[in-house]
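Me: Could you take a close look at a single part of this structure and describe its surroundings carefully, in one connected account?

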Amino acid sequence: MTDLPPEETLDPADWESLRALGHRMVDDALDWLRDVRERPVWQPIPDAVRASFQAPAPRTPSDPAAIYRDFTERVLPYPMGNVHPRFWGWVIGTGTPFGALADLLAATMNPNCGGADHSGTLVEHQVLDWLKELLGVPMEASGLLVSGGSMANLVGLTVARNVAGGADIRKVGVAGAPGRLVMYASTEAHSSVRKAAELLGLGTDGLRLIPVDADYAVDVAALERAVAADRAAGLTPVCVIGNAGTVNTGAFDDLDRLADLCAREHLWFHVDGAFGALAALVPAYRDRLRVLARADSVAFDLHKWMYVPFEAGCILVRHPKEHHDSFAVAPGYLARARGGLAAATVWPSDYGVELSRGFKALKVWMSLQEHGADRYGRLIAQNIAQARYLAGLVDAEAELERMAPVPLNIVCFRFTGRGGGARDMDELNRELLIRLHESGVAVPSSVTLHGRSGIRVAITNHRSRREDFDLLVRETLRLGRELVSGA
Ligand SMILES: *Cc1c(COP(=O)(O)O)cnc(C)c1O
């Protein structure tokens with residue numbers, strides 16, 4: 001027996017030195033977040049740093065303190081920038097300090113929230129109940145926390161396909177459906193809807209993109225005609241995807257009319273409310289979003305307008321049995337027991353794609369309690385007010401042109417200069433955006449509307465202040481004039 005090799009573990013040999021390092025890491029992390037405003041939003045990664053990421057896989061141990069030092073030198077200084085008050089690119093949330101600490105606790109407990117009877121799944125069920133209550137979705141709805149809006153759309157649209165596909169799609173596949181399956185969304189629908197249609201076997205040919213009106217809301221009459229034409233051609237319409245806040249401009253489709261249409265036509269009504277659904281927390285938007293109660297499924301994000309650290313999204317489905325029956329599989333090794341850890345409680349993995357799942361519910365659960373839903377409502381309202389403020393600044397400048405209405409938290413505009421002239425303003429605005437990023441002052445992203453390029457500011461940022469938008473406009477004018485004068 002004496003010649004057995006010594007056994008190893010990944011736990012530290014010296015807990016006290018890891019404890020000291022851990023305390024330093026937490027201190028540094030909180031300082032880093034506290035002082036974020038003093039740093040550039042983004043900065044290019046120097047070539048030497050970039051090249052340093054090409055090295056062989058480590059084969060032998062390194063000292064955690066040295067690894068942490070390396071992190072502070074090569075990783076931490078070159079962030080995406082979305083924690084910064086002047087980050088407004090794409091639709092990306094900021095996170096919160098307490099949310100980050102919650103993630104540390106989640107990783108410490110490290111449960112697998114795919115199922116079983118433990119506090120992890122209990123917390124997730126409560127978070128889902130809270131979200132139903134806050135968004136006005138019926139409490140009997142089922143739900144699942146997922147990685148984000150893309151996965152939420154995929155899960156919701158899977159149930160839609162299986163319920164409205166006219167066959168046991170899980171068994172026979174889409175090829176066995178009575179007539180080609182078709183879903184409907186507007187031309188402003190998010191790319192994840194297209195991905196879902198492709199993954200679900202409908203293909204892009206099975207996703208009709210219906211034109212929008214001047215407010216970027218779907219043309220409901222055109223949608224209705226498309227459904228009728230498809231039925232007449234022997235196809236099987238399955239589902240309408242309504243937008244609560246489009247990614248380009250924050251537009252709302254007429255969700256009540258879409259709900260009526262779906263009820264009349266026996267179509268599944270899915271709402272992509274990635275960020276817009278959260279506007280239900282704002283009194284002025286509550287009425288418009290009461291329609292969420294009529295949706296068959298609602299997809300939204302918590303890492304955008306709930307400012308929860310990445311990743312966290314949510315899908316709610318008004319038909320728990322259909323939701324369960326779209327995903328549940330019960331091989332012997334996942335058998336449910338009468339009691340014990342494997343008790344037959346609701347297993348989240350029966351409601352989505354993933355089996356192993358992290359404890360993302362904890363950061364949502366702790367964050368919602370830290371601030372309370374009303375404060376989230378005020379922050380969302382603040383972001384909406386800031387978008388209007390920025391729109392006002394843009395409208396007041398002769399050298400700037402607003403490109404779209406501002407119904408929510410997104411402002412699209414472009415630099416036109418005085419009189420515009422013969423310059424390629426698309427190219428100029430693209431270059432202006434790059435210079436803005438490289439200046440470190442602000443990070444909006446780009447937009448193309450009616451074939452014209454511009455700058456898009458999407459505000460899901462609890463750190464932004466009005467003065468940040470003043471600075472954005474000043475810098476945009478300065479860089480635009482510099483470009484016009486050929487600098
Ligand atoms: C961001 C977004 C998505 C996708 O969500 P992810 O969390 O990025 O996967 C879907 N729809 C809309 C409208 C979005 O803005």
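Reply: Leaving aside its neighbours within four places in sequence, Val353 is in contact (heavy atoms within 4.5 Å) with Met151, Leu154, Val155 and Phe327. The model is a predicted one, in which local features need pLDDT of at least 70 and side-chain atom pairs count only at pLDDT 80 or more, while totals for chains, interfaces and linings use all residues. Residues are numbered from 1 along each chain as its sequence is written, and side-chain values use heavy atoms, with hydrogens and water left out.

Val353 itself sits in the loop between helix H12 (320–327) and helix H13 (361–371), where helices are DSSP runs of H or I with at least four residues, numbered from the N terminus. Its C-alpha atom is separated by 12 Å from that of Val159, a residue 194 positions away along the chain.

Leu154, one of the contacts of Val353, also belongs to the packing of helix H6 (residues 149–164) against helix H8 (residues 191–199), whose axes are 9 Å apart at an angle of about 45°; axes here are lines fitted to C-alpha atoms over the stretch in contact, and angles run from 0 to 180 degrees between N-to-C directions. H6 and H8 are therefore oblique to each other, the class left once angles under 35 degrees (roughly parallel), over 145 (roughly antiparallel) and 65 to 115 (roughly perpendicular) are set aside. On the H6 side the contact is made by Ser150, Asn153, Leu154 and Leu157, and on the H8 side by Ser192, Val193, Ala196 and Leu199.

Technical notes:
Helices (H or I, at least four residues) and strands (E, at least two) are DSSP runs, numbered from the N terminus.
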